[in-house]
Amino acid sequence: MPGGRLTQQERQQIALGLADGLAYAEIARRLDRPTSTVTREVMRNGGPIGYRADLAHRATEHRAHRRRQAAPRGSEAPPQAQGRDTEALRAYEETLTTVFMQSGMPKMTSRVMVCLTLSDNGSLTASELVQRLRVSPASVSKAIAFLESQDLVRRERDEGRRERYVVDDDVWYQSMIASARAIAQIVEITRQGVGIVGPDTPAATRLENIARFLDFVSESTARAAEQARDILYVKPDTTSE
């Protein structure tokens, strides 16, 4: 039955499935587990190439042992509001973190991004991130620097002059626009190469094809981002009863 921790035998089946080139969904189907469970298990234990059942099982036991140890006073994560299921939320956080990691985002950066995304007001201070994630301030600072470089987070100061990190709909819009601009720069540089390698060479044809493709992608991305911001944004319900 789905639910509960993976057994050592299930981890061995995951390893065999990966060796056979099976997709996560197929491995999960054979185990009668959610696909997210298998995805999370593989990504946190070496990825599809480095996954080993025995090492993954020992690592899980080690993490469970550490969680059973009493946490220092004052370090507990804040309780969840809105009557949320804490275990379900924790599992979802791990799944979303895995998805961000699969997109190329570093693990700690993914954890910070998920923490900000799932906070109700979409903003947290450095100290709040440290407390929620139980990591060092340096780890948070490094993750925030990466997210800022991708235009996925912006900084604000609250009434107490504390610096807050914010992620909202406009941040994603700005990130998509920045991505479109970066692609457009590649287009420009690629087309410069046509004259350098010679206009009638196979290399020139390749560069021109790349430029045309990326030019279309860049324009489409920017246009779609503009349309999405105008049409699809869901505004919070501020009406009072």
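Analyst: In helix α6, the buried residues are L89, L96, T97, T98, F100 and M101, where buried means under 20% relative accessible area, exposed over 50% and partly exposed in between, with a 1.4 Å probe and protein chains only. Their cover includes α3 (35–43), α7 (107–118) and α10 (169–197), judged by contact, that is, heavy atoms within 4.5 Å. Helices here are DSSP runs of H or I with at least four residues, numbered from the N terminus.

A word on the basis: this is a predicted model, in which local features need pLDDT of at least 70, side-chain atom pairs count only at pLDDT 80 or more, and totals for chains, interfaces and linings use all residues. Residues are numbered from 1 along each chain as its sequence is written, and side-chain values use heavy atoms, leaving out hydrogens and water.

Now for the length of α6. The helix covers residues 86–102, and its 17 residues should span 24 Å at 1.5 Å a residue, which agrees with end C-alpha atoms 24 Å apart; the expected span is 1.5 Å times one less than the number of residues. After α6 comes G104, with a positive phi near 110 degrees.

R40 counts as buried because its relative accessibility is 13%, whereas E94, at 26%, counts as partly exposed.

Methods:
Helices (H or I, at least four residues) and strands (E, at least two) are DSSP runs, numbered from the N terminus.
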